Amino acid sequence: MTSHWADLTVNSRLLRSLYSVIPSLESVRLRSFHLDWRGRALTLRIDLPAYPGPDRVPPEWFERGHDTLQLHVHFAAVEDLTGHISSYRITETGSDEVPHTFVSGLDTRMFTSLPGTHESTFYERV
């Protein structure tokens, strides 16, 4: 069993050199996603929720005042892309942590808002 998401990456050694504790993917900021028209690949561009300590980053990053670490996460050989569809009223802060109405009858019966990312009955079933 994999102990951390970083263990699934080909450059986990680099991530571990930057972080004493690699942040979870729970609160990442999704900047973009790219579906490769030539094949079954998906690339996400994300900002991690925490920046490495000043003693772990290259000096020029620290000197420039950088405060966000961005990754491109590439998924190769993606078989199926599917998703839940819902509607909601966005808050002034841009949050989606409000009541949702789902297209799926099953989702409507089970949830009134987006469940936490640990809820496998939602995120592992589309």
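The model is predicted: local features need pLDDT of at least 70, side-chain atom pairs count only at pLDDT 80 or more, and totals for chains, interfaces and linings use all residues. Residues are numbered from 1 along each chain as its sequence is written, and side-chain values use heavy atoms, with hydrogens and water left out.

**The largest pocket**

- The largest pocket holds about 2100 Å³ of space; a volume is the space filled by probe spheres set on grid points, which are joined across faces, edges and corners.
- The lining comprises 47 residues, of which Leu-25, Val-28, Leu-30, Leu-44 and Thr-117 are the closest to the centre of the pocket.
- On a 1 Å grid over the protein atoms alone, where a 1.4 Å probe fits but cannot get out is a cavity, whereas a pocket is an open set of points with protein on both sides within 12 Å along at least five of seven lines; lining residues have an atom within 4 Å of a point.
- At least two lining residues come from each of α1 (12-18), β1 (29-35), β2 (42-47), β3 (70-75) and α4 (120-123).
- Helices (H or I, at least four residues) and strands (E, at least two) are DSSP runs, numbered from the N terminus.
- With five residues, β3 gives the most to this lining.

**Strands β1 and β2**

- β1 and β2 run antiparallel and are joined by six bridges; two strands pair if DSSP finds at least two bridges between them.
- The two strands form a hairpin, with six residues between them.
- Leu-30 has Ile-46 as its bridge partner in β2.

**Two residues of β2**

- Leu-42 lies in strand β2 and counts as buried because its relative accessibility is 14%; buried means under 20% relative accessible area, exposed over 50%, and partly exposed in between (1.4 Å probe, protein chains only).
- Although Leu-42 and Phe-75 are 33 residues apart along the chain, their C-alpha atoms are separated by 5.1 Å.
- Thr-43 is also found in strand β2.
- The side chains of Thr-43 and His-74 are joined by a polar contact of 2.8 Å; such a contact is a pair of N or O atoms within 3.5 Å, where, within protein, one must be able to donate a hydrogen and the other to accept it, and residues adjacent in sequence count only if both atoms are side-chain atoms.

**His-100**

- His-100 is located in the loop between β4 (86-87) and β5 (101-102).
- His-100 counts as buried because its relative accessibility is 7%.
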